[in-house]
Every structure is written in structure tokens, then in C-alpha cells.
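Here are my notes for someone opening this one for the first time. Have a look at the chains, then read through the points below.

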Protein chains: 4
Amino acid sequence: MTSFAGARRFGHDKVEKQMDVYKSLREEAYEANLEIKRQNLAIYTWGNASSFDPAKGVFAIKPSGVVYDDLTPESMVLLDLDGRIVDGKLNPSSDTKTHQVLYNASLIYKEFKGLQGITHTHSTYAVAWAQAKRPVPIFGTTHADHSAQEIPCTPFMDAEAVKNNYELETGNLIVKTFKDANLDPAHVTMVLVAGHGPFTWGKSAAQSVYHGAVLEEVCKMALLSLTLDPNLQPLPEHIIRKHLERKHGPDAYYGQR
Amino acid sequence: MTSFAGARRFGHDKVEKQMDVYKSLREEAYEANLEIKRQNLAIYTWGNASSFDPAKGVFAIKPSGVVYDDLTPESMVLLDLDGRIVDGKLNPSSDTKTHQVLYNASLIYKEFKGLQGITHTHSTYAVAWAQAKRPVPIFGTTHADHSAQEIPCTPFMDAEAVKNNYELETGNLIVKTFKDANLDPAHVTMVLVAGHGPFTWGKSAAQSVYHGAVLEEVCKMALLSLTLDPNLQPLPEHIIRKHLERKHGPDAYYGQR
Amino acid sequence: MTSFAGARRFGHDKVEKQMDVYKSLREEAYEANLEIKRQNLAIYTWGNASSFDPAKGVFAIKPSGVVYDDLTPESMVLLDLDGRIVDGKLNPSSDTKTHQVLYNASLIYKEFKGLQGITHTHSTYAVAWAQAKRPVPIFGTTHADHSAQEIPCTPFMDAEAVKNNYELETGNLIVKTFKDANLDPAHVTMVLVAGHGPFTWGKSAAQSVYHGAVLEEVCKMALLSLTLDPNLQPLPEHIIRKHLERKHGPDAYYGQR
Amino acid sequence: MTSFAGARRFGHDKVEKQMDVYKSLREEAYEANLEIKRQNLAIYTWGNASSFDPAKGVFAIKPSGVVYDDLTPESMVLLDLDGRIVDGKLNPSSDTKTHQVLYNASLIYKEFKGLQGITHTHSTYAVAWAQAKRPVPIFGTTHADHSAQEIPCTPFMDAEAVKNNYELETGNLIVKTFKDANLDPAHVTMVLVAGHGPFTWGKSAAQSVYHGAVLEEVCKMALLSLTLDPNLQPLPEHIIRKHLERKHGPDAYYGQR
């Protein structure tokens with residue numbers, strides 16, 4: 001850690017850049033943050049994505065309050081799993097500790113293993129569901145193509161946790177929600193934090209943004225279906241299973257392999 | 001079939017391309033897939049279009065999981081009516097067998113005759129209706145300009161059919177829905193598959209995408225009208241007839257002829 | 001009329017274009033049709049605008065079934081008030097007779113005087129209200145800035161009228177709706193045709209498209225307000241009056257004069 | 001005032017421009033008006049922004065009825081706090097007196113101090129709430145990030161006030177609404193004028209437009225959440241406080257400082 005702190009103090013020069021061991025991590029985080037904007041998942045600075053390297057125990061995340069058009073790979077902030085800045089001149093996203101908790105979980109709990117990218121946005125329909133504190137039922141195959149279960153919504157955080165360390169406790173709340181309901185984060189790659197908004201993840205930063213876009217679309221479709229039938233029941237189980245398996249099962253046949 | 005399998009094995013060269021008997025079929029499918037994106041009927045890879053040549057018994061379809069910006073006419077996959085690949089290096093769309101069943105139907109049943117293009121998307125409002133398992137009533141002339149009947153919605157597929165051959169059975173379900181309700185696929189060029197989404201068709205791939213866009217707009221208008229009047233009744237029959245006839249009857253006078 | 005029919009038969013040459021007495025009429029209609037697309041009031045060919053010269057008794061209208069990107073000023077169709085083509089090689093919009101009736105009304109009835117542009121679209125929210133057969137109440141100043149009254153909705157046309165001459169009877173239905181309710185078409189510049197969609201007009205083709213965009217936005221706002229309060233009452237009369245007067249009264253002070 | 005009135009009469013020349021003491025004020029107002037369009041908060045001319053210099057007692061505002069694409073910094077109209085034109089050849093926005101009252105309030109009342117930019121739009125969802133005369137409850141952290149209280153809605157203006165001086169009384173109504181409810185305009189930077197639409201403000205014209213965009217998004221999210229749960233209760237107080245403080249409290253840690 002020391003040498004990077006030193007590199008940070010003395011600034012970047014060309015030599016340093018050529019040997020930047022975090023180059024791809026920065027670029028993955030940078031590209032994912034740009035994709036947040038391209039997919040219309042956030043206005044202004046209302047979303048952040050990060051990319052995690054489990055071997056190095058370091059993640060790259062969007063700097064706080066910087067608009068997407070001003071981002072560069074170099075502006076990404078690098079942190080270790082204790083939340084210490086490894087490299088970067090700017091303050092990291094105010095949601096950094098939530099990312100940090102989930103990346104720690106990926107090293108601690110086997111069911112979180114492989115989580116290497118996280119996206120948080122305030123996308124409109126996902127926030128509408130989070131505000132209504134309703135998990136999103138599986139009403140169709142668009143949802144089932146990505147998850148065989150409803151999209152969970154956390155309870156509200158209690159006053160004590162909010163006071164202690166809000167963003168870190170947001171991460172804990174997500175982990176607890178998954179553990180309590182025995183949900184597998186490799187198959188349910190998204191969550192609504194009650195009253196707040198969505199966090200999504202994946203095997204890469206890019207995949208976590210994709211899941212953010214999937215969630216927004218699924219939330220919009222589900223809300224519209226409920227407008228047509230307020231008592232709508234979920235998709236039958238046998239169709240849910242089939243759609244998940246054709247994309248994600250051992251015999252998956254979607255895409256190019 | 002043998003020679004094409006051979007052509008596929010040895011790859012494409014310039015000579016082959018010059019004599020490509022599927023050139024226009026590829027290009028029609030390619031253009032229709034691009035139009036899916038231009039009309040905002042799908043995000044990422046969530047839609048596919050195909051083009052069918054009844055004389056050759058071959059159709060061209062989008063490769064699976066490839067984003068629209070990466071498509072080329074050459075990347076289209078050519079299949080025969082038994083689902084065997086005639087030409088193309090990529091896996092065809094995972095919905096290929098649904099297309100295949102409908103093209104087979106166009107040779108078997110006189111009412112499906114002339115069906116030469118199919119589009120499947122997950123467009124938002126059409127999916128909302130499909131998820132709600134509600135046929136779309138004719139509430140206005142926008143709908144009646146394209147069909148004199150409500151847009152049908154299939155029942156859910158049973159567990160046995162899902163297990164057997166899901167996408168092929170989706171095609172069978174569509175054909176059965178039309179036969180059971182005595183619907184004419186030349187006049188009702190669209191269907192909602194319950195819990196899934198829309199399939200639309202036409203005399204060409206281009207027309208099938210157009211019908212996909214019509215369906216999305218009609219579904220949005222109908223949902224909004226129901227918001228204003230949850231007990232809304234369909235358009236009177238004499239207006240429905242008139243609108244259909246002015247665009248599609250023997251004395252049609254819409255457009256340039 | 002003869003000479004124009006002749007000009008049409010022999011086609012256009014440079015000399016003819018230089019002396020084209022309908023040049024500005026064509027251009028106004030052309031620009032208004034492009035504006036339909038720019039304001040997202042129609043997809044494909046689902047809208048048409050026309051421009052009327054009362055001195056010549058001639059109007060220019062969009063050709064039928066031609067997409068906006070393919071339009072040129074020269075492709076506009078010129079018709080007289082009996083619906084005979086004065087100039088133009090293409091079929092006029094299938095809604096031409098509705099335009100024709102309203103332009104005739106502008107010469108017959110003093111309250112329709114000055115109507116020199118008409119726009120018809122299938123814009124989403126205006127159609128939703130037309131399908132629901134609900135006049136749009138004045139819920140706010142956005143509406144009152146343009147009209148001191150609710151936006152009327154015609155009744156359904158009866159079977160006899162539909163059979164006789166549908167588009168011409170649509171025009172008659174609009175005129176009758178205004179006469180029966182004693183509405184002033186100079187102040188209420190828009191109508192919903194039940195089950196069909198909006199017709200808007202103004203002192204020019206450009207103004208008629210503007211009113212089409214106003215109507216769409218007002219319809220969207222009104223529907224959303226009803227979602228928040230299904231029993232919402234109209235704006236108090238004293239505010240309605242004020243807003244209309246500041247834009248349209250004798251002491252209007254909006255804009256540059 | 002005299003010299004500027006003189007400058008106005010004799011027009012602008014290069015020398016004058018070089019010594020334009022209102023240059024930055026004009027540019028701030030100009031940029032904020034362009035941002036209204038970029039953020040899709042108004043169609044045509046349906047929104048206006050202004051920038052205030054408390055030291056000079058002068059504000060720059062959009063000219064009335066001019067479309068955004070035709071604006072220039074020079075076209076901004078400069079007025080003093082009595083509403084007299086200090087510089088500018090065009091009529092100022094018809095909403096000018098509402099801006100004027102709020103800028104006067106910033107010099108009179110300590111709680112309005114520092115208000116240096118105002119934006120008024122007819123953005124769709126904010127207008128929907130204003131028409132429904134409903135204050136917007138805090139349903140989520142997107143709202144709480146910007147204000148710890150619901151967004152207030154004024155009562156309707158009475159007939160006498162409308163008659164007297166409508167736009168000036170609109171300003172008075174806003175000030176009275178804040179005083180009656182003991183609201184702090186530095187923390188609640190937005191208001192819905194019943195039946196009309198939103199006014200938002202900030203430390204600069206740019207910030208006032210930002211608050212206009214925040215309001216529109218918060219109004220959309222709140223309406224959608226109510227669709228999912230018509231009896232939805234506000235966010236718990238301890239979460240509201242936390243979100244406000246992390247962005248705006250003395251120990252705020254959002255953004256770069």
C-alpha cells in the first residue's frame with residue numbers, strides 16, 4: 001500500500017502510467033460509469049459504478065459529484081477493502097462504503113464469490129418500487145431471463161445504523177437481506193434498498209450496469225402490468241425455470257459460446 | 001442442402017459472395033433487425049427479426065446475443081424449415097424455432113400463406129399487456145387502421161410443452177391460438193404470448209417490424225385510455241370496418257398505388 | 001383549373017418553378033409536416049398538415065403514406081375546395097376531405113374565418129383521451145394559456161355518415177360539434193374526434209402544428225393529474241381568464257410585439 | 001439608470017461590450033435558459049431562468065416568447081428591482097414580476113438571502129402535481145438529498161390578487177406560502193404554484209435550473225410510487241435527516257471540496 005500512497009503524493013508521470021497495474025481496473029470502472037449515462041440510468045451525477053480486482057483486493061470507483069462527461073479513466077478512485085485510498089486525487093463516491101462491504105462479502109461468503117462489479121443509480125422506475133418498498137414479482141420472461149426470483153427490497157435501516165455509518169450499513173443491510181431470505185447473489189444480481197434505490201452487481205462492472213438497465217426495464221414493465229391488473233399473479237413456476245435455464249443453466253443456449 | 005453445408009465449411013470468398021443466392025434475404029433480415037433498434041423496440045439484444053423465402057424454404061435470422069451495432073448482412077444465420085443451418089457461422093437467435101414453426105405454417109395452412117417476415121421484441125407496453133395476459137381491445141382507429149379485431153393473447157404454455165421444446169411449442173401455441181379463435185393471420189398480424197411478449201409478422205421482414213412498432217404504440221394508447229376509463233368499451237363496429245377497409249380493403253385509398 | 005391540370009400533365013420545368021404561385025403555400029405545408037416529426041407527434045406517416053390560401057381557394061397537403069424524410073415542398077399536393085387536385089403527382093393524405101371541410105367552413109362561417117392551417121396526428125396522449133371519449137378539462141394554466149375552455153371531444157359518427165363519405169363527414173362532425181356547443185374555433189383551436197385522434201388548426205400551418213404539440217402536452221399533464229386526484233376539479237374561472245388574456249386578449253403582454 | 005437607458009437608446013458597439021458590467025450576469029442567465037431546454041424541462045418557450053446580482057440590484061432574464069435556439073447572452077433583458085428595464089431591446093419574460101418579487105425578498109427577508117437564480121418551467125410531472133394541488137411528500141432519498149421537507153404547493157390565488165397584478169402576486173403568494181409554513185427557502189428551493197407549475201431557485205441561475213430538473217424527477221418518482229401504493233407513507237425521519245446532512249450539513253461529504 002505504501003508505494004501507492006507515495007505515487008499518489010508525487011503525482012503521475014508518463015513512466016508511472018506505463019506501468020500502471022490498475023490500468024484495466026480503472027478503464028472498466030470508467031466505461032461502466034459512462035454506460036450509466038448512455039443507458040439513461042442517471043441524470044447529473046446520480047449513479048456510480050465500480051470495478052473490483054479480488055487478487056489485488058482493490059476496487060476502482062467514480063469520484064463523487066463529477067458529471068459523466070468530465071470523467072477519465074485516471075479520475076477513477078482506487079480503494080482497498082478497508083476503504084483507504086490506494087490511488088486517485090479526488091474524493092470517491094459517497095456510496096463507496098456500500099460497494100466496499102459487498103466486495104468484502106465476495107471474499108468472506110461463498111455465495112457472494114465472483115462479484116467484481118457494482119452499479120448504483122437512481123433510475124426512475126427502480127426508485128419508484130424502492131420508495132414503495134415492494135419487491136418486484138416475476139410477471140414475465142424478461143424478468144425470468146435474468147433471475148428466477150422476485151427482486152428483493154430491503155427493510156428500512158434503523159436509526160442506530162443510520163447514525164453509525166450509513167453507507168457501510170447500507171451494504172450490511174443488503175448482505176443481511178440476502179442471507180435472511182437465503183437468496184443467491186449470483187442469481188439474484190439486484191436489490192432495491194427501501195426508500196433509496198437500486199444496487200446491481202455482476203462478474204464485471206460492465207455486467208453490473210447491464211443489470212441496472214435490466215432492472216429499470218423490468219420495474220417499468222411490472223408497474224405497467226399492475227396498472228392493467230392490480231391483482232396480477234406471478235408467472236407460473238415452470239416458465240420461470242425454463243427461461244432462466246436457457247440463458248444461465250448448465251445447458252444454456254442463448255448467445256454465442 | 002449438402003452444397004450449402006459445404007459452402008459453410010469452406011467459408012466465404014469473393015466469388016461466393018458474388019453468387020450468394022441469399023443476398024437479398026440476408027439484407028432484408030439485417031435491415032429489419034436494425035429497424036428494431038431505430039424504433040426503440042428493444043434494448044441490448046432483446047429482439048430479433050427474420051426474413052423468409054418460401055420458394056427456397058429458407059429463412060435468415062439474427063444471430064443470438066449479438067448487439068444491433070455489431071450486425072452485418074453476412075452475420076445473419078440461414079436455416080431451413082427443419083431448423084438446420086444452411087449458412088452462417090454464428091448461433092441463430094434462441095427464438096429461432098418459434099420463427100420456424102410460423103414459416104412452416106405459412107406453407108401448410110392457407111391462412112398463414114404469404115407470411116415472409118417475423119419480428120419478436122420485448123417492447124415495454126406490449127410486454128406489459130402480455131404479462132397481464134390481456135388481449136388488447138380496439139379502442140381507436142390507430143388500432144383499426146391495422147386490424148379489425150382485438151390483438152389476441154395466448155394462454156400460458158403447459159409444463160409438458162415447456163419441457164419438450166419450448167421455443168417450438170411457442171410457435172405451436174401461436175398457431176393454435178389463431179386456429180382456435182378462427183383468426184386470420186393476414187389481418188391480425190400480431191400476437192401477445194402470455195407472460196412473454198409480442199410476435200408480429202407480415203409480407204416481409206420490414207413489414208413485421210412495422211407491425212411491432214404499431215403494436216407497441218397501440219398497447220401504450222390502450223393502457224392510457226384505460227387509465228382514463230377503466231370500463232372503456234371498444235370502438236363501434238361500423239368505424240372499425242371503415243378504417244380497416246380504407247387501408248386494407250379492395251377499395252383501399254391510403255398511400256400511393 | 002384547366003391550366004393547372006395541364007401543368008400537371010406536362011410536369012414541372014425550371015420556368016414553371018420560377019413562376020410557381022403556390023411556392024410559399026407548398027413550403028408552409030412542407031415545413032409543418034416536418035415539424036410534426038420533430039415534435040414527435042407521429043411515427044411513420046401517422047400525421048398530416050396542410051396550408052390554406054383563402055384568396056386562391058387552394059390548400060397544400062401532405063401526400064398519403066409518404067414518410068416525412070422523403071417529403072419535399074414539390075411533393076405537397078394542391079387541391080381546391082371541391083377536393084380536385086390543382087397540382088401534384090401523388091395522392092393526397094387520406095384525411096384530405098376533413099381538411100377540405102374545415103377550409104370551406106372558414107369561408108362560409110364567420111367564426112371559422114382565418115383558419116389557414118390544419119394538423120392531424122395520432123399523438124399518444126391526445127389519442128388516449130379521444131379513445132376514452134373524454135373532453136379535456138382545464139386543470140392548469142398550460143391549458144388556459146391557449147384556451148379558456150375544455151378541449152371538446154366529438155360524439156361517435158353514426159353508421160350512415162361513415163358509409164357515405166367518412167373523411168368528409170369527420171369534417172362535418174367537427175364543425176357540428178363546435179356549432180352545437182357554441183364554441184369559437186379561433187379560441188378553441190383543437191378537437192378530439194372520438195375514437196380517432198386530434199385535429200388542430202391555426203392562422204397558419206405552423207401554428208396548427210404548434211397547437212398539436214400543445215394539445216399533446218396538455219393531454220399528458222391532465223392524465224397525470226387525474227392519476228393523482230381522480231376527482232380533480234377545473235382551475236378557478238378567474239385564473240383561466242387571466243391566463244388567456246395575457247397571451248391572447250386585447251392587452252396581451254406575452255412575447256415580442 | 002440614466003446612462004444605461006442612454007446606452008440602450010444608442011445601441012451596443014464594441015467599446016460598450018468590452019466594458020459591459022453585466023457580462024457575467026447575462027451569460028449566467030443565458031446558459032441557464034439553454035440548460036432548461038437541454039434538460040427537457042420546457043418545449044417551445046415554456047420556461048425562463050434569471051440571474052441576480054444583489055450588489056447591483058439588477059437581474060438578467062429571458063426575453064418573452066423567444067425560442068431557446070435564438071437566444072444570445074445579449075438578448076437577455078436586464079431589470080432593476082422595481083421592474084424597470086436597465087438594458088435590453090426585447091420585452092422580458094411575462095413571468096418577470098414573479099422573479100422580481102423573489103429577488104426583492106432576498107434583500108428584505110433574511111431567510112431568502114442568497115437567492116441569486118430563479119427558474120420557472122412547465123415541466124410535465126411538476127405541472128401534474130401543481131394541477132392536482134398536492135405538495136410532494138418525501139418518499140425517498142432522491143428527494144431527501146435535496147430537501148428535508150415535502151415540496152410545498154401554494155393555495156389558488158384569489159380573484160382580487162389575480163386582477164391586480166397577477167405575476168407580482170404570484171411572487172407574493174410564494175413568499176407568503178413559505179412564511180406561513182415557516183419554510184426555509186435555502187433548504188426548500190422549490191415550490192409548486194397551484195394550477196400553474198414549478199418555480200425553483202438557488203445560489204445561481206445554474207443551480208436554479210438544476211433544482212428544476214431535480215423537482216421534475218422527484219415528481220415523476222413520487223407519482224409512480226403512488227401508483228404502486230396509493231397510501232404510501234413518507235420516508236422515516238432518521239433517513240431524511242441523514243441524506244440531507246451528507247449533501248448539505250456542516251459535515252457534508254458529497255462531491256469534491
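1. Start with D95(B) and R246(A): their side chains meet in a salt bridge at 3.4 Å, N to O (a side-chain nitrogen of Lys or Arg within 4 Å of a carboxyl oxygen of Asp or Glu). The rule finds two salt bridges across the interface of chain A and chain B.

2. On the side of chain A that touches chain B, α6 (141–144), α8 (205–228) and α9 (237–248) each give two or more residues (helices are DSSP runs of H or I, at least four residues, and strands are runs of E, at least two, numbered from the N terminus). The largest share, twelve residues, comes from α8(A).

3. As for extent, chain A puts 34 residues into the contact and chain B 34 (heavy atoms within 4.5 Å). About 2,900 Å² is buried between chain A and chain B, with carbon and sulfur atoms giving 58% (accessible area, 1.4 Å probe, that the two parts lose on being put together, summed over both).

4. A caution: this is a predicted model, where local features need pLDDT of at least 70 and side-chain atom pairs pLDDT 80 or more, while totals for chains, interfaces and linings use all residues. Residues are numbered from 1 along each chain as written, chains are lettered from A and ligands numbered from 1 in written order, and side-chain values use heavy atoms, leaving out hydrogens and water.

5. Over in chain D, seven strands make an open antiparallel sheet, ordered β4-β3-β2-β1-β5-β7-β6 (strands pair if DSSP finds at least two bridges between them). Its edge strands are β4 (85–87) and β6 (190–193) of chain D.
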